[in-house]
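I opened the model today to look up a few points. These are my notes, in the order I took them.

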Amino acid sequence: MSTATRPGARNKEPVGIVGVGQTKHVAARRDVSIAGLVREAAVRALEDAALGWADIDAVVIGKAPDFFEGVMMPELYLADALGAVGKPMLRVHTAGSVGGSTALVAADLVAARLHRTVLTLAFEKQSESNAMWGLSLPVPFQQPLLAGAGGFFAPHVRAYMHRTSAPDHIGALVAYKDRRNALRNPYAHLHEEGLTLEKVRSSPMLWDPIRYSETCPSSDGACAMVLTDRAGAARAPRPPAWVHGGAMRSEPTLFAGKDAVSPRAGTDCAADVYRQAGVADPRREIDVVEMYVPFSWYEPMWLENLGFAEEGEGWRMTESGATGPGGELPVNPSGGVLSTNPIGASGMLRFAEAALQVRGAAGAHQVPGARRALGHAYGGGSQFFAMWLVGDRPPTT
Amino acid sequence: MNAAPAHGTLSAPLVVEFPFTRSLGPVQSAFLTGLRERTVLGVRTADGRTLVPPAEYDPDTAAELRDLVEVGRTGTVTTWAWNSAPRRGQPLRHPFAWALVRLDGADTALLHALDVPGGPAQVRTGMRVRIRWAEERSGAITDIACFEPAADAADDSTRPAARPHSGAFADPVHGIVAEARLDYTYTPGRAQTRYLEALARHRTLGERCPGCRKVYVPPRGACPTCGVPTAEQVEVGPAGTVTTFCVVNIKAKGLDIEVPYVYAHIALDGAGLALHGRIAGIPYDQVRMGLRVEPVWTEGGRHPDHYRPTGEPDAAPETYQELL
Amino acid sequence: MTIRNGLPEVAVVAFAQTAHVRAADDLSEVEMLLPVLREVLERTGLSAGAVDFTCSGSCDYLAGRAFSFTMALDGVGAWPPISESHVEADGAWALHEAWVKLLTGRAETALVYAYGKSSAGDLPAVLTRQLDPYYLAPLWPDSVSLAALQTRALLDAGGTDERELAGIAARSRNAAEANPYAQLTGSPSADALLESDHLVGPLRLHDVPPVSDGAAALVLAAGDTARRLCGTGRRPAWIRGMDHRIEAHSLGVRDLTDSPSTRLAAERAGLFDPQAPPPDVAELHTPFTAQEVVLRKALRLGPGTAVNPSGGPLAANPVMAAGLIRIGEAAERVACGEARRAVAHATSGPCLQHNLVAVLESDAAADGPGSHGAEEERG
């Protein structure tokens, strides 16, 4: 047996994204079953890749808690609809980051050369129940959460504002920008044609400092991607996106010393991805970011956490318009989570939108000339992170 | 919610219950509406098989299936099991057989209950059964009350074949409401039991990690950063410092608290991290980071009802920055 | 490292499990899990931070709480932050995810764990929630009844008889007497078992697994790292191949007497490699006796293979960990030299819908006695 070669020395197979599909996201898709919803995204991804069900070697699916739809391990029931019968089917669940983690698990199957072409999907059909019910099942003995989901995050936003002396209006700028961006994305849930910055600023204050217009909606939706190896990408009818780096990082839910404003797991995860992709200066070298911003203030917070802005300077970057359309670093040209939030799919939508950008396939919300894009997802108590960096060229290392 | 004396740790019932609203899609909508009208529909695959109940997608090819057919209401048991002690939610209250039944004209079998008053001795694979319809039908799988034995000795050749059906009915059902209740026993474990027992005496006991020496409140059984058990109990509080907060202006479901109110993170003195609580006894717009607070208990409350200002000067930022 | 079958070498180097019990109701999930995490880390000399990748399997529906896995992470000590993932499935699938991560070369070591407190809810009722939500779940067909339908189908087809099933139950629980972690140990004779009444006919009590609470953890490592970590006197249990396949969901479209997905997964995992000897040991995830008959056929197991020497799920069935435990038990037989080749199986879903097969080997099984000796010198 050879002992000279370390595993890391074995080249991974480059992973290309050759198909992307998503549903039109809405509050309630009453015309389809759960299978019908997921299937719709899958069919669009296959059509984009010009592949059929028989071309898929394995299926990797993710979603947030099963209680949302009241179906335990729904992948078992979905196997038939997703052409998975006779194939490997894996289910990932990493809380809100799950859409991103799911795509990374699928990418590994190709990178390891275990499978050549993998279908990956994520979904949530929130209208089957009520997300707040699913998120706040009463647990005996525990003090009930005294506020809704926004109330969970609002104190962290206040801590950020306090720490950076950010002015109050930054959150409204993000919400206005993302909702305007959504008008150029036909799949986005919220299309608020008449929205003005003033309307955002005067919307009801729900969990001070978070206003109504700065919160994400509750959506039914699904997202799917087809990932493949070099040979598969060469056959694809449209340009692939290539995975240049991908990573997951987790830290505990609650612990002494946790920085809920800028969690180290997020910083470490981004640093790992940049290292893999050979990115030294993310702000200059990355053209567009799809980041998971469920409440508007998370844009400046993540800009700092991901290394796009110096500590305390994220809000200045947002305020300057750098993250808007035509800005130096467009963030969430799709409209982001603030405009579309099928929880389990929200992370994969970030990954998929990043891929669409470098494929030049983002339509009306295309960032001209985007060559490198970051997709970002997070979940739990700001503790689970998943990211990938995709490019328009195959990775060189 | 009582202590279970056998082993001294707490346990309590936990009921998870929700009426899920399920939209059906065209095939399932037609099938369930059909049941309401005492019509059983299947779906035809490209290779000519008839699937009953109708699948939306072919299990073999993944092809979308839309070609509906009507099949018989009588069929043949392909396998069965005798359920002598029916559970909550199951189709019949008295002992019955679960059976997979291949209806006449179908190539696959449907799972349902089979009512055989004579008991398991009267059931066999291959027996002929027919649908007993529920008296009140709404467009759900339970519109079939169950199967019952059929005195039908006809051989295969005389049985009706599947015949095309448009799937169209007046007033189709597009959704079902699926009530689901599961009963659990929640057991919070040793560390939380220790914490809760002390809390009942209005004392807050954290637990110190033997590795990093941080004090966890409430303790969860392990130091999450070191991955080792915590055991050394340390009393913290009762007073603490507001590290951050938000003002809640909308009522949360199931919470009977007048808005606006302040939801805050509170680092009890001596604790390594903040817990959460409501601040009262001060106008909501005067709550601030660094405010010193103490718990207020109500009769019978397991947790402090809220926290109120102690009147001490605010804590200096450097004393709680690490806890923010 | 050697690349065999086109895949780099990855081995199970440590395995630990709890003593499984009917109800670990004095422990939270993390309190139940923590000792096995410490045990595998201590045995390999690794800290959580030194492990390259961590992956777990568990299920919210068992616990009755959303995001239940986030609190279990407390037991790992995920600080500084770790590369980590979770599957909402049996830990065997978490192991598959971790194995793939090692195959990419992005990690050399992985910690895999799984836990389940099946006692928290009414398990047969809880498992109805994993059925088709439109046609099946509203009828609440419990898992024992579904297994009874499968057993009847096998009996009707002449694939087994009640006496053989009682024999499987007796053999499993008698074997469990040698397993300190088992919950049910020892059994009356098959004849005596057959005198009992049916529970859900054709199943009798002995055909059904216990309700168990438990946890398990194992460490995977690649190449020379595996040799270094597995400890003096123990051998790495090399994962020769691993694959999983799913079948159609509806029982009415499947042949319940067969398991084509197991057969295909076994083929892809290299179990039927004509060059290799039959496995010495098979650890099969068979909560119900008849499922052993179905799987023996699908895996082409002959009399030379000892099936479930641990007692299998009929002796302890902590849901979400029971499949991972099969892999751990099989690996232990290889690690201690009792088996040179072992097969492990895990299942998910009603009536064996989804099946995973892993083939584990000692160095000796693959390379012959000569090279095996060389490996021992190095260790």
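How many residues of chain C are in contact with chain B? I counted contact as C-beta atoms, placed from the backbone, lying within 7 Å. On that basis 47 residues of chain C meet 55 residues of chain B.

Before going on, I noted the ground rules. The model is predicted, so local features need pLDDT of at least 70 and side-chain atom pairs count only at pLDDT 80 or more, while totals for chains, interfaces and linings use all residues. Residues are numbered from 1 along each chain as its sequence is written, chains are lettered from A and ligands numbered from 1 in the order in which they are written.

**Chain C against chain B**

I looked up which elements build the chain C side. Those giving two or more residues are α1 (29-44), α5 (123-126), α6 (143-156) and β7 (198-201) of chain C. Here helices (H or I, at least four residues) and strands (E, at least two) are DSSP runs, numbered from the N terminus. α6(C) gives the largest share, six residues. I then sorted this side of chain C by residue type: 28 are nonpolar, 10 polar and nine charged. Nonpolar means Ala, Val, Leu, Ile, Met, Phe, Trp, Tyr, Cys and Pro; charged means Asp, Glu, Lys and Arg; the others, Gly among them, are polar.

Strand β6 (residues 74-83) of chain B is joined to β7(C) by two bridges, antiparallel. Strands pair if DSSP finds at least two bridges between them. I found Trp82(B) opposite Gly201(C).

**A sheet in chain B**

Next I traced an open sheet of four strands in chain B. Its order is β4-β3-β5-β11, with antiparallel pairing. β4 (50-51) and β11 (163-164) of chain B are the edges, each pairing on one side only. β3 (residues 40-44) of chain B meets β4(B) over two bridges. There, Val43(B) has Leu51(B) as its bridge partner.

**Domains of chain C**

Where do the domain bounds of chain C fall? Domain 1 is 3-121 + 211-378, and domain 2 is 123-207. The bounds come from an automatic or database domain assignment. The domain centres, taken over C-alpha atoms, are 23 Å apart. Their contact takes 35 residues from domain 1 and 34 residues from domain 2. On the domain 1 side, α2 (60-63) and α11 (289-299) of chain C each supply at least two residues. α11(C) has the largest share, five residues. I sorted that side too: 18 nonpolar, 15 polar and two charged.

Key: Contact = placed C-beta atoms within 7 Å.
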